[in-house]
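Visitor: I am new to this structure and would like to learn how to read its features. Please take them one at a time.

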Amino acid sequence: MDMAERDGWIWMNGSFVPWREARVHVLTHTLHYGLGVFEGIRAYQGPAGAAIFRLDDHLDRLFDSAHILGLLHRFERSALAAACREVLVRNRLLAGYIRPLLFLGAEKLGIDPLGTEVHAVVAAWPWQTYLGEGALERGIRVKVSSFARHHVNVQMCRAKSVSTYANSILATREAKADGYDEALLLDTQGFVAEGAGENVFMIKRGILHEPEMTSALDGVTRRTLLTLAAEAGLPVVARRITRDELYCADEVLFTGTAAEITPVVEIDRRRIGSGAPGPWTRELQRRYFDCVGGRDERHREWLTAVR
């Protein structure tokens with residue numbers, strides 16, 4: 001469905017407006033120059049009703065992203081947290097994807113944003129499996145992109161920035177044009193960085209390996225996986241990883257709010273492990289969905305009730 005042609009409500013700058021009336025001017029600064037930050041947050045239906053997964057962690061990152069990029073704004077954390085809950089209620093969603101966005105308005109143009117106002121929106125809508133039907137069950141095919149992930153002094157890699165995703169779009173379009181489901185990007189030195197919209201992990205001989213956190217985004221789902229792996233007795237090592245190591249891994253998986261925990265079963269036409277989602281990936285998926293669904297009592301603090 002056309003995202004502009006929906007019924008419902010979107011929170012804009014402190015009040016709710018009808019979905020179809022949530023408009024900005026064509027000379028909005030962020031539209032022209034790409035300075036803005038956002039979050040992707042999921043809500044799940046559990047035994048106690050709808051709950052948002054790790055809302056506080058996502059808002060921490062949103063505010064950190066704004067701070068990194070120098071977006072000085074007037075919005076209180078509590079107001080955005082309330083908006084994330086209320087947008088689900090107003091749109092009658094028991095589960096869904098929430099998108100908070102901070103962006104610069106149309107008060108002026110020119111590269112220097114001084115004089116522009118920071119605006120905020122929060123929207124929510126139903127969103128099922130991000131990487132395609134059956135991705136969570138069967139796994140996906142991935143291509144190493146010809147586009148490198150940003151150097152740490154080219155893009156502020158700890159910020160979830162609007163402009164970062166031009167790089168992701170180029171990589172994704174290339175991968176899909178070649179018949180793959182998703183792209184994997186290397187850093188500017190040739191080591192594994194992350195997926196186009198996901199963190200990446202590999203499992204080899206009973207150890208979970210992740211790339212050093214340099215050019216990759218510090219994902220909230222990534223942090224969740226590290227906790228769940230430790231609880232499952234799976235050791236974790238962070239280090240530089242080469243693409244050919246991924247080819248020879250026992251298991252590879254992507255993590256992200258949209259992607260959740262998605263098995264990778266093929267990279268660059270090389271089968272990963274058995275060519276099917278592996279046992280550790282299945283176990284981590286099970287633990288993750290127990291958490292987001294409210295069935296794991298140990299991590300109830302990760303859930304924020306909508307009502």
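## Reading the model

Guide: E15 contributes three residues to the lining of the largest cavity, the most of any element. Keep in mind that this is a predicted model.

Visitor: Which residues line the largest cavity?

Guide: The lining is made up of Asp-250, Glu-251, Val-252, Pro-263, Val-264, Val-265, Ile-272, Ala-276, Pro-277, Gly-278 and Thr-281. Two elements give two or more residues to it, strand E14 (251-256) and strand E15 (260-267). Sorted by class, the lining has seven nonpolar, two polar and two charged residues.

Visitor: Next, the nonpolar residues. What is the general idea of a core?

Guide: In soluble globular proteins, nonpolar side chains tend to be buried together. Here the largest nonpolar core has 28 residues, and those that touch the most other members are Trp-11, Ile-52, Leu-80, Leu-88, Ile-98, Leu-102 and Val-122. Two or more residues each come from strand E4 (41-46), strand E5 (49-53), helix H2 (55-68), helix H3 (77-90), strand E6 (96-104) and strand E7 (118-125). H3 supplies the largest share of this core, six residues.

Visitor: With which residues is Trp-11 in contact, leaving aside its neighbours within four places in sequence?

Guide: Trp-11 is in contact with Phe-16, Phe-75, Ala-79, Leu-80, Ala-83, Ala-120, Val-121 and Val-122. Apart from this core lies another, of 20 residues, among them Leu-131, Leu-184, Met-202 and Val-264.

Visitor: Is Ala-43 buried or exposed?

Guide: Ala-43 has a relative accessible area of 3%, so the residue counts as buried. Ala-43 belongs to strand E4. Beyond its neighbours within four places in sequence, Ala-43 is in contact with Ala-51, Ile-52, Leu-88, Ala-95, Gly-96 and Ile-98.

Visitor: How far apart are Ala-43 and Ala-305 in sequence and in space?

Guide: They are 262 residues apart in sequence, and their C-alpha atoms are 9.3 Å apart in space.

Visitor: Now the charged residues. How should I read a salt bridge?

Guide: Side chains of opposite charge can pair when their charged atoms come close. A search of the whole structure finds 25 salt bridges. In one of them, the side chains of Glu-245 and Arg-239 meet at 2.7 Å, N to O. Both partners are partly exposed: Glu-245 has a relative accessible area of 26%, and Arg-239 has 23%.

Visitor: Where do Glu-283 and Arg-286 lie?

Guide: Both are in helix H8 (residues 279-292), three residues apart, which is about one turn of the helix. Glu-283 and Arg-286 form a salt bridge, with their closest N and O atoms 2.7 Å apart. Glu-283 is partly exposed at 23% relative accessibility, and Arg-286 is partly exposed at 43%.

Visitor: What does Arg-295 form with Asp-290?

Guide: Arg-295 and Asp-290 form a salt bridge, the closest N and O atoms being 3.0 Å apart. Asp-290 is also a contact of Asp-296, as is Cys-291, leaving aside neighbours within four places in sequence. Asp-296 sits in the loop between H8 and strand E17 (303-305), and is buried at 9% relative accessibility.

Visitor: Which residues are linked in a network of salt bridges?

Guide: The network links Arg-54, Asp-57, Glu-210, Asp-218, Arg-222 and Arg-223.

Visitor: Last, the backbone. What should I expect of phi?

Guide: Most residues other than glycine have a negative phi, and most peptide bonds are trans. Arg-92 has a positive phi, near 55°. Glu-260 also has a positive phi, near 60°.

Visitor: Where is the place of Arg-92, and where is Glu-260 found?

Guide: Arg-92 is in the loop between H3 and E6, while Glu-260 is in strand E15. Arg-92 is exposed, at 80% relative accessibility, whereas Glu-260 is buried, at 5%.

Key
Residues are numbered from 1 along each chain as its sequence is written. This is a predicted model: local features need pLDDT of at least 70, side-chain atom pairs count only at pLDDT 80 or more; totals for chains, interfaces and linings use all residues. Side-chain values use heavy atoms; hydrogens and water are left out. On a 1 Å grid over the protein atoms alone, a cavity is a set of points where a 1.4 Å probe fits but cannot get out, and a pocket is an open set with protein on both sides within 12 Å along at least five of seven lines; lining residues have an atom within 4 Å of a point. Helices (H or I, at least four residues) and strands (E, at least two) are DSSP runs, numbered from the N terminus. Ala, Val, Leu, Ile, Met, Phe, Trp, Tyr, Cys and Pro count as nonpolar, Asp, Glu, Lys and Arg as charged, and the others, Gly among them, as polar. A salt bridge is a side-chain nitrogen of Lys or Arg within 4 Å of a carboxyl oxygen of Asp or Glu. Buried means under 20% relative accessible area, exposed over 50%, partly exposed in between (1.4 Å probe, protein chains only). A nonpolar core is a set of buried Ala, Val, Leu, Ile, Met, Phe, Trp, Tyr and Cys residues joined through side-chain atoms within 4.5 Å. Contact means heavy atoms within 4.5 Å.
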